[in-house]
Amino acid sequence: MITGKNQIGNTLSAEGNKVYRTFNPVDNQENSWEFLEANSEEINRAVALALSAFEQYRTFSGKQKGAFLRLIAEEILELGDALLDIYCQESGLPQGRAQGERGRTVNQLLAFADLVEEGSWVEASIDTAIPDRSPVPKPDIRKMNIPLGPVVVFGSSNFPFAFSTAGGDTASALAAGCPVIVKAHPMHSGTSEKVASAIIKAANKTGMPDGVFSNLNSSGPEVGKQLVSHPGIKAVGFTGSIKGGRALFDLASEREEPIPVFAEMGSINPVVVLPSALKDRSEYWATQYAGSVNLGVGQFCTNPGLILGIESIELDEFSKNLGEKLISQNSGSMLHPNIHSFYDQLKSEFSKQNGVETVAEQSANSKPNVASQMVVKVKGSTFIENPTLHQEVFGPFSMIVSCKDESELITIIKELEGQLTGTVLGNDDEIKTYSVLIDALQNRVGRIIFNGVPTGVEVCPSMMHGGPYPASSDSRYTAVGTHAIFRWVRPFAFQDWPDELLPEELQNDNPLGISRLVNNTLTRS
Ligand code: NAP
């Protein structure tokens, strides 16, 4: 059963008067459940509870936080197929995707549990005193990461599990020791409510303080704005549009106490196709890219929206091949009618620009909200001159840019906005031959891929999912993988503090057995 209420700490609450529903894009009708948007008092209550929970939660051990995260994963699985059904009804995404994304979400929670249970993530660093150092004695200094405080997480539209209520932002913030208030995405408030109930169950069973987690409903910008402006909130996680992310970033910067906003926003993920890839594996890459562009109905942040090559008969053949393969794939329903109409609007805007040639477009689908795949092509000079063509078209769309030579290709790369990923298709020798181009690409992206597709983001410590603005608001941090935890902490140093009063992570005996930098040497002793 879905209550439509806000989860404020352990209590369900419905005091507001703004009612809304989610939408089933496949059936093209509203879902039956009604949700009540959180009002100002409810928002204030959630923040006050999070602040009081923080006083306790910040002191909890890695083992306690790990047990909480593990149980969240279990409780989510415990919700069974009923949860997957709600996900599908609110997103239009198929059951297989729901299942896969739930698996990823559960694994993310477990990865953060492993991380905090092991404990070395706090980056403990110890410089012992040298009392007889001349001319002045050296004090004893010990540093480790500590949590920032209550975090607001904006659920994303395109990952109702993995980047939403119990997604990577929430899991990493809870692992860091920060209470979380989720601003549920209005497109999947039912999914969010059910996942929130799993988090609350886990919190209660593992003795977490009331307010360690809240989930608020909203169908417009007010709830998010009030949360980000609230003095009790110390950081924000966001996945969505550049417009939305930037508005929240500006709002957070204008506060009396500015706070960090870790926004993961737009990216067109350039792919550079070097001559050998077109000569030796053209057919293969056309197949791979047709699948990648259409994956998740093109609604992935790593969707390859820009394919760059040097003009040749081989590039023309590749374009034709990619177009044919893309439109021969099954089309899927987009997440919401608004996202679908925005997709159609941008496709039509692109087609009307001078010099844009349609390589292939699937004929309009008779089913509502189903996206028609499309590939267009332009010359390098046209792309350079027209900033409209640099925008992200969120959906199964890609643009091939045919450059007159390597120098034009490099100019394009240098002028690109920041991107999550850049991909190079070619052979090992070309990496050396095109080193200037590859250096330019490295300067614009967060992750560079060789002979692959950018979709499919591995969750592991070495993953980098972020990039220069506007791919993300802070290119120093990743939103995926266990290092995402570093967004929610600050380094803190103790000077000449009594050993027995230090946190265990910094005590002489190293009771947790974690890896630490002691007098510049990494050691567990
Ligand atoms: P969005 O419009 O940026 O909204 C994301 C979340 O932020 C929503 O919860 C929204 O709340 C909130 N929000 C947006 N602007 C706000 C503001 N000015 N003040 C306060 N809160 C604000 O993104 P979306 O709904 O996920 O999708 C819309 C478009 O975003 C897509 O068509 C696509 O272009 C882009 N997108 C890109 C990616 C990517 O990874 N590159 C991912 C998802 C979406 P309310 O809706 O309640 O106002």
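Helices (H or I, at least four residues) and strands (E, at least two) are DSSP runs here, numbered from the N terminus. With that noted, I opened the model, which is a predicted one.

**Entry 1**

I began with Asn451, which sits in the loop between E20 and E21. Its phi is near 50°, a positive value in a residue other than glycine. Most residues other than glycine have a negative phi, and most peptide bonds are trans. I then asked myself: is Asn451 buried, partly exposed or exposed? Asn451 counts as partly exposed, because its relative accessibility is 26%, between the 20% and 50% cut-offs.

In the loop between E20 and strand E21 (489-495) I also found Pro470.

I looked up Asn519 next, in the loop between strand E22 (516-518) and strand E23 (521-523). Asn519 is not a glycine, yet has a positive phi of about 45°. With a relative accessible area of 37%, Asn519 is partly exposed.

Where is Pro135? I located Pro135 in the loop between strand E7 (125-127) and strand E8 (141-147). The bond from Ser134 to Pro135 is cis, and its omega is near 5°.

**Entry 1: the domains**

I checked how the chain is divided. The domain assignment lists domain 1 as 7-126 + 138-265 + 476-487 and domain 2 as 270-450. Their C-alpha centres lie 33 Å apart. How many residues of domain 1 are in contact with domain 2? I noted 14 residues of domain 1, in contact with 14 residues of domain 2.

**Entry 2: helix H16**

H16 covers residues 435-442, and I found Leu437, Ile438, Ala440 and Leu441 buried in it. Viewed down the axis of H16, these buried residues fall within an arc of 155°, so they line one face of the helix. An α-helix has 3.6 residues a turn, so residues three or four places apart point the same way. Val436 and Gln442 are exposed on the other side of H16.

What do the buried residues of H16 pack against? I listed strand E14 (270-273), helix H14 (406-415), strand E19 (419-425), helix H15 (428-433) and strand E20 (445-450).

H14 also holds Glu408, so I stopped there: at 9% relative accessibility, Glu408 counts as buried. Leaving out residues up to four places away in sequence, Glu408 touches Gly380, Ser381, Ile384, Ser402 and Cys403.

**Entry 3: two helix pairs**

I followed helix H3 (residues 80-91) to helix H4 (residues 95-118): their axes come within 9 Å and cross at roughly 120°. This crossing of H3 and H4 is right-handed. The residues of their contact divide into four nonpolar, three polar and four charged.

Helix H7 (residues 221-229) and helix H8 (residues 242-254) have axes that come within 9 Å and cross at roughly 35°. H7 passes H8 in a right-handed crossing. Here I saw Lys225, Val228 and Ser229 of H7 meeting Leu248, Leu251 and Ala252 of H8. That contact divides into four nonpolar residues, one polar and one charged.

**Entry 4: Ser219**

Last, I visited Ser219, in the loop between strand E11 (213-216) and H7. Ser219 counts as partly exposed, at 29% relative accessibility. Glu37 is 182 residues away along the chain, yet the C-alpha atoms of Ser219 and Glu37 are separated by 6.7 Å. Not counting residues up to four places away in sequence, Ser219 touches Lys18, Tyr20, Glu37 and Pro186.

Definitions and conventions:
Residues are numbered from 1 along each chain as its sequence is written. This is a predicted model: local features need pLDDT of at least 70, side-chain atom pairs count only at pLDDT 80 or more; totals for chains, interfaces and linings use all residues. Side-chain values use heavy atoms; hydrogens and water are left out. Buried means under 20% relative accessible area, exposed over 50%, partly exposed in between (1.4 Å probe, protein chains only). The arc is that of the directions from the helix axis to the C-beta atoms. Contact means heavy atoms within 4.5 Å. Axes are lines fitted to C-alpha atoms, for helices over the stretch in contact, and angles run from 0 to 180 degrees between N-to-C directions. A crossing is left-handed if the near helix is turned anticlockwise from the far one by less than a right angle, and right-handed if clockwise. Ala, Val, Leu, Ile, Met, Phe, Trp, Tyr, Cys and Pro count as nonpolar, Asp, Glu, Lys and Arg as charged, and the others, Gly among them, as polar. Domain bounds come from an automatic or database domain assignment.
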